[in-house]
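Please examine the structure shown below together with its sequence. The paragraphs that follow lead through its ligand sites.

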Amino acid sequence: MEKIGRNDRCWCGSGKKYKTCHMAFDEKIHRYELEGHMVPQRGMLKSREQIQGIRESSVVNIAVLDAVDKIMAPGINTQMIDDVVCQVTASMGGIPAPLNYEGYPKSVCTSINQVVCHGIPSKDVVLQEGDIVNVDVSTLYKGYYSDSSRMYCIGKVSPEKEKLVRVARECMEKGIAMVKPWGFLGDMSQAVNDYAKQNGYSVVVDIGGHGIGLEFHEEPFVSYVAKAGTEMLLVPGFVFTIEPMVNMGTNEIYVDEEDNWTVYTADGKPSAQWEVTVAVTEEGCEVLTW
Ligand code: MF3
Ligand code: CO
């Protein structure tokens, strides 16, 4: 990392001298690094202005999901969800981040029942009474990314599926509750995984969350099965997603060989996922996408 003199301007852009701004902060991080912990690199931490940008992107992101809420019903096809995401995002001056991302063909992911994630909207896929559906919306607005998803129960759903949807949400909330400065990402992961296991479910290992803000997917990879006290040190200014995929059966998954996107559970049992974008603050955690 670049060495800054005590009297140089701080790297954060505050205009203050380093010694009166982030010097003690950097030294504290360095002490954790010497103890063998993973620590965030300087470029991973967002300034107040950048967090404000992500906050504004999140306002659009949430408005899009609120619009999706209104159309979810038996009989609609998933292309209609894509249309709403496109229209509402554009009307607010944003861009759907998934469109053309690594060749992804649509503006949103719609993942039904045993589809774990990355389900591709289609006019041929019609929502049926009893389905559980994840709608995952990622938004680029004025240069800043935000990412969140919700589950929807279509009409009357079996008690088993309803419980999976509820517990998946509670897993995310247990994770959020563990986010605080000078804790570790693994504290969040273990809270998620423990709660899923207590309920007889498994958490997907191979796909996780990510840093976010200036790019759609930033470092680090965020696991939801890691142990407390492991993984990256959490410090104010770090922004990432909490988005565990919770499976009713095995956590093994496979990717569709035809479209190379759709991810399914190996045993065909249902999967559920909720997602928020959060920022580590001085006090704890700000959920940007509520
Ligand atoms: N929205 C997903 C996430 O939470 C990423 C989807 S990648 C896409 O990270 F290309 F399918 F959009
Ligand atoms: Co995400």
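**The ligand sites**

In this predicted model, an oxygen atom of ligand 1 is 3.0 Å from an N or O atom in the side chain of H210, a polar contact being a pair of N or O atoms within 3.5 Å. A polar side-chain atom of D147 also lies 3.0 Å from an oxygen atom of ligand 1, and one of E275 lies 3.1 Å from an oxygen atom of ligand 1. Taken alone, ligand 1 exposes 330 Å², of which the protein buries 96%; accessible areas come from the Shrake-Rupley method with a 1.4 Å probe.

H210 belongs to strand β7 (residues 209-211) and E243 to the loop between β9 (239-242) and β10 (245-247), so the pair ties together parts that are 33 residues apart in sequence; strands are DSSP runs (E, at least two residues) numbered from the N terminus. Both H210 and E243 are buried, that is, under 20% relative accessible area (1.4 Å probe, protein chains only).

Residues are numbered from 1 along each chain as its sequence is written, and chains are lettered from A and ligands numbered from 1 in the order written. Local features need pLDDT of at least 70, side-chain atom pairs count only at pLDDT 80 or more, and totals for chains, interfaces and linings use all residues, while side-chain values use heavy atoms, with hydrogens and water left out.

Definitions and conventions:
Helix = DSSP H or I, 4+ residues; strand = E, 2+ residues; numbered from the N terminus. Buried < 20%, exposed > 50% of the residue type's maximum accessible area, 1.4 Å probe, protein only. Polar contact = N/O pair within 3.5 Å; in protein donor to acceptor, adjacent residues only side chain to side chain.
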